Amino acid sequence: KYDLNDKHIKLLKFCCSGDTYHAIADKMVISTKTVDKYRGELFKKLHAVNRTELALFAVKHKLVDLADLKLGD
C-alpha cells in the first residue's frame, strides 16, 4: 500500500530513536544526503510533515516495539 523498501523501513525505525540524522546515517552506513533523500521520500509517501509523524506511523504499523525504545533512560 505504501510502497516502502527495506531502507525506508529501517529509517522509520531509527526515527523512533533520539539519534540525530547524522548518527542515523552512520548506523545505516549511508551518507546524510541519502538519509535526507529517504526521509523526503517517506514524507511524500506517508503524507507526513515531520519526524514525529514518521515515528508515529512506525509505531502504529508495529514496525517498532515501544518496549525496545530507550526513551529518557
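These legends go with an overall view and several close-ups of a predicted model.

View 1. From the N terminus on, the order is α-α-α-α. Helices (H or I, at least four residues) and strands (E, at least two) are DSSP runs, numbered from the N terminus. The C-alpha trace spans about 30 × 30 × 20 Å along its principal axes. A compact globule of 73 residues would have a radius of gyration near 11 Å, and the 12 Å of the protein chain agrees with that. This radius is taken over C-alpha atoms, and the globule rule is 2.2 Å times the number of residues to the power 0.38. Of the 73 residues, 29% count as buried. Buried means under 20% relative accessible area, exposed over 50%, and partly exposed in between (1.4 Å probe, protein chains only).

**View 2. Arg-39 is a buried residue of helix 3.** Its relative accessibility is 17%, so Arg-39 counts as buried. Leaving aside neighbours within four places in sequence, Arg-39 is in contact with Leu-11, Tyr-21 and Leu-54. Contact means heavy atoms within 4.5 Å.

**View 3. Val-29 sits in the loop between helix 2 and helix 3.** Its phi is near 55 degrees, a positive value in a residue other than glycine. Most residues other than glycine have a negative phi. Val-29 is exposed, with a relative accessible area of 73%.

**View 4. His-47 sits in the loop between helix 3 and helix 4.** Phi is positive here too, near 55 degrees, and His-47 is not a glycine. His-47 is exposed, at 71% relative accessible area.

**Notes on the model.** Residues are numbered from 1 along each chain as its sequence is written, and side-chain values use heavy atoms, with hydrogens and water left out. In this predicted model, local features need pLDDT of at least 70 and side-chain atom pairs count only at pLDDT 80 or more, while totals for chains, interfaces and linings use all residues.
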